[in-house]
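Keep the structure open beside you and try each task before reading its solution.

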Amino acid sequence: MTAVTVDTTARYEAVFDATVAADERIEPRDWMPDAYRATLIRQMAQHAHSEIIGMQPEANWITRAPSLRRKAILMAKVQDEAGHGLYLYSAAETLGTSREELLDKLHAGRQRYSSIFNYPTLTWADVGAIGWLVDGAAITNQVPLCRCSYGPYARAMVRICKEESFHQRQGYELLLTLSRGTPAQHEMAQDAVNRWWWPSLMMFGPPDDESAHSAQSMAWKIKRHSNDELRRRFVDICVPQAKVLGLTLPDPDLRWNEERGHHDFGPIDWTEFQEVLKGNGPCNEQRLAQRRSAHEEGAWVRDAAAAYAEKHRAEERSGHQDPQEATA
Ligand code: 3HC
């Protein structure tokens, strides 16, 4: 590198650092370190992939919802998740990658999605547990991301968080209905909470001392809080909610710690977490296989939309519009 480029890069770096330090936003056209760009693409891709893979567990119950009202709510929620994926792919594309490239990496197993979506939805109560716990954990993790240093990501989060609040409330209400229903319905709700509680705590990532990316992500103000801090915050939110639900959280070590000002809780099975990350979770293969086949089956729609768009661009360039369309 010549002396000039070293000096120029140093000046750009100083502007980048000052912008982040001042809690201002880095925008797509701003200079940014390659590693900052790479970390954002990694995290935003994982986030987007999680949204679209996350459609599968609940979609499994759309045809079997117990009422038209519940079916309509669940359809709206699953549709929202698809939209969240699209916002996040669009935000990731501002970093110079493409949706196609990210989806290819997901389908090839070269990019991750959240561990939580590799668990099965065995009963209708799972739809409630996912809304209350999984979307609740997502909100706890995503609200700080509204203050992320990268503008497009932070702005995508604002709208996503508003919709997640509906997702969490509908799940909570579903569980409350079951919990106050027949003994069998109460048991179904308790069983779902037993199965989804610990995997929901794993959503926040490994313990801080094993987190490969946290220190740098927090220095760049991509992450505003550590994995353990957000996990603790989530536990503190859930404990009183579980009481109102009349359901117990499956952790005998869970208790308020006056001194520390939050709940202590039992050990998380990080071996299970790592196995799921390696692809050995209950549903990893099924989720990716379904994603790949949905992508293949949808190819004709993408091709048709691209052809239609190209035809319109050509007509605009030539100034001639298809007479049939003109009268349409
Ligand atoms: N699932 C899968 N992989 C995970 C994970 C999880 N729950 N938690 C951590 N990892 C991976 C990381 O990707 C990293 O692996 P990599 O280097 O191969 O990418 C490794 O474990 C080390 O973890 P770190 O803590 O160092 O990684 P991060 O700094 O990226 O922190 C995170 C992990 C907290 C999940 C962070 O990436 C994040 O905040 N992501 C954005 C939010 C998100 O993805 N939320 C969950 C899914 S969205 C959702 O639930 C939608 C809702 O509508 C249901």
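A residue counts as buried when its relative accessible area is under 20%, as exposed when over 50%, and as partly exposed in between. Keep in mind that this is a predicted model.

**Exercise 1.** Work out whether Phe16 is buried or exposed, and do likewise for Tyr36 and Trp31.

*Solution.* Start with Phe16: its relative accessibility is 2%. The cut-off for buried is under 20%, so Phe16 counts as buried. Next, Tyr36 has a relative accessible area of 0%, so Tyr36 is buried. Finally, Trp31 has 28%, so Trp31 is partly exposed.

**Exercise 2.** Classify the pair that Phe16 forms with Tyr36, and find where the partners lie.

*Solution.* A pair of aromatic rings is described by the distance of the centres and the angle of the planes. Here the centres are 4.9 Å apart and the planes stand at 75°. Planes over 60 degrees apart count as edge-to-face, so the Phe16–Tyr36 pair is edge-to-face. Now locate the partners: Phe16 is in helix α1 and Tyr36 in helix α2, 20 residues apart, so the pair links distant parts of the chain.

How values were computed: Residues numbered from 1 in each chain as written. Predicted model: local features only at pLDDT ≥ 70, side-chain atom pairs only at ≥ 80, totals over all residues. Heavy atoms only, no water. Buried < 20%, exposed > 50% of the residue type's maximum accessible area, 1.4 Å probe, protein only. Phe/Tyr/Trp six-rings, centres within 6.5 Å; stacked < 30°, edge-to-face > 60°. Helix = DSSP H or I, 4+ residues; strand = E, 2+ residues; numbered from the N terminus.
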